[in-house]
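Lead sentences come first, followed by points grouped by topic.

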Amino acid sequence: MQEMLEQIKEDITKNPIILYMKGTKEKPACGFSVTSIEILKHCDVEFEVRNVLESDALRQAIKEFSDWPTLPQLYVNGEFIGGCDLMLELFQKGELQELLKKV
Amino acid sequence: MNQFLSIKEQIIKCIDDAEVHISDPRNDGKHLEAIVISKQFEGAPLIKQHRMVMSALKEQFKSSLHALILKTYTPLEWQQCKKC
């Protein structure tokens with residue numbers, strides 16, 4: 001677990017926009033992950049993803065790291081932004097786009 | 001319905017003035033939607049509002065709850081929302 005937590009810390013530091021999700025960019029594996037990908041594509045930004053279905057250890061660790069029980073999870077500039085519902089609301093208000101401009 | 005009640009109670013335990021509406025659009029008891037209205041959300045960024053609710057439901061997420069689509073409102077926002 002500790003190693004995974006360190007890995008996550010490194011990942012969110014190295015990657016300004018990173019989405020922990022189920023599935024891949026090309027094949028999101030749940031409806032909420034699909035929505036999150038669509039929102040980020042709509043914002044026209046480069047972003048990384050991590051597929052938690054590849055590793056149960058990662059799936060548990062990211063929930064522990066963020067102290068957040070659900071997926072997907074978006075990190076921008078090392079800060080936890082939220083899940084799909086938050087992303088959608090921030091996107092509709094224009095706040096997500098503003099946040100992503102600061103990357 | 002017992003599950004809804006326990007989720008409602010748990011949220012109110014932690015956010016004592018909360019008005020809570022829960023639905024189960026997929027009818028599976030695992031992917032729920034919740035609307036939570038509270039004066040305690042005033043002035044708090046959305047992420048903080050969501051964290052208040054999510055941390056109230058830690059135990060539920062360890063057992064039957066798999067996903068929760070959350071919408072939080074202050075009482076004023078809720079009034080304005082209802083008018084739309």
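A:Lys93 is partly exposed in this predicted model, with a relative accessible area of 49%. Its side chain meets that of A:Glu89 in a salt bridge of 3.9 Å, N to O, and A:Glu89 is buried, at a relative accessible area of 15%. Over all chains, a search of the whole structure finds eight salt bridges.

**Salt bridges**

- A:Glu98 pairs with A:Lys101 in a salt bridge, and the closest N and O atoms are 3.3 Å apart.
- Helix H5 of chain A holds both A:Glu98 and A:Lys101, which are three residues apart, about one turn of the helix.
- A:Glu98 is partly exposed, with a relative accessible area of 43%, whereas A:Lys101 counts as exposed at 64% relative accessibility.
- A:Asp11, A:Glu48 and A:Arg50 are joined into one network by salt bridges that share partners.
- A salt bridge of 3.2 Å, N to O, links the side chains of A:Asp67 and B:Lys58.
- The pair joins two chains, because A:Asp67 lies in the loop between H3 and strand S3 (73-76) of chain A and B:Lys58 in helix H3 of chain B.
- A:Asp67 is partly exposed, with a relative accessible area of 43%, and B:Lys58 is also partly exposed, with a value of 40%.

**A buried arginine without a salt bridge**

- A:Arg59 is found in helix H3 (residues 56-66) of chain A.
- A:Arg59 is buried yet has no salt bridge.
- The nearest side chain of opposite charge belongs to A:Asp56, 4.8 Å away, and a salt bridge requires a nitrogen-to-oxygen distance within 4 Å.
- Leaving aside residues up to four places away in sequence, A:Arg59 touches A:Lys22, A:Val52, A:Leu53 and A:Leu71 in chain A, together with B:His66 in chain B.

**Largest pocket**

- The largest pocket has a volume of about 600 Å³.
- It is lined by 28 residues, of which A:Lys63, A:Trp68, A:Pro69, A:Thr70 and B:Phe61 are the closest to its centre.
- At least two lining residues each come from helix H2 (31-42) and H3 of chain A, and from helix H2 (46-56) and helix H3 (58-62) of chain B.
- H3(A) supplies the largest share of this lining, four residues.
- The lining of the largest pocket comprises 11 nonpolar, eight polar and nine charged residues.

**Second largest pocket**

- The second largest pocket has a volume of about 210 Å³.
- Its lining includes A:Glu79, A:Phe80, A:Leu86 and A:Glu95 from chain A, and B:Pro45, B:Leu46 and B:Ile47 from chain B.
- Two or more lining residues are given by strand S4 (79-82), H4 and helix H5 (95-101) of chain A, and by H2 of chain B.
- By class, this lining has nine nonpolar, no polar and two charged residues.

**Cavity**

- The count comes to one cavity of 30 Å³ or more, and about 100 Å³ of space lies in the largest cavity.
- Residues of both chains line the largest cavity, including A:Phe32, A:Trp68, A:Cys84, A:Asp85, B:Met54 and B:Ile69.
- Helix H4 (84-92) of chain A and strand S3 (67-73) of chain B are the elements that give two or more residues to this lining.
- S3(B) gives the most to the lining of the largest cavity, with three residues.
- The lining of the largest cavity divides into nine nonpolar, two polar and one charged residue.

Methods: Residues numbered from 1 in each chain as written. Chains lettered and ligands numbered in written order. Predicted model: local features only at pLDDT ≥ 70, side-chain atom pairs only at ≥ 80, totals over all residues. Heavy atoms only, no water. Buried < 20%, exposed > 50% of the residue type's maximum accessible area, 1.4 Å probe, protein only. Lys, Arg positive; Asp, Glu negative; His and termini not counted. Contact = heavy atoms within 4.5 Å. 1 Å grid on protein atoms, 1.4 Å probe; cavity = no way out; pocket = protein on both sides within 12 Å on 5 of 7 lines; lining within 4 Å. Points joined across faces, edges and corners; volume = space filled by probe spheres on them. Nonpolar A, V, L, I, M, F, W, Y, C, P; charged D, E, K, R; others polar.
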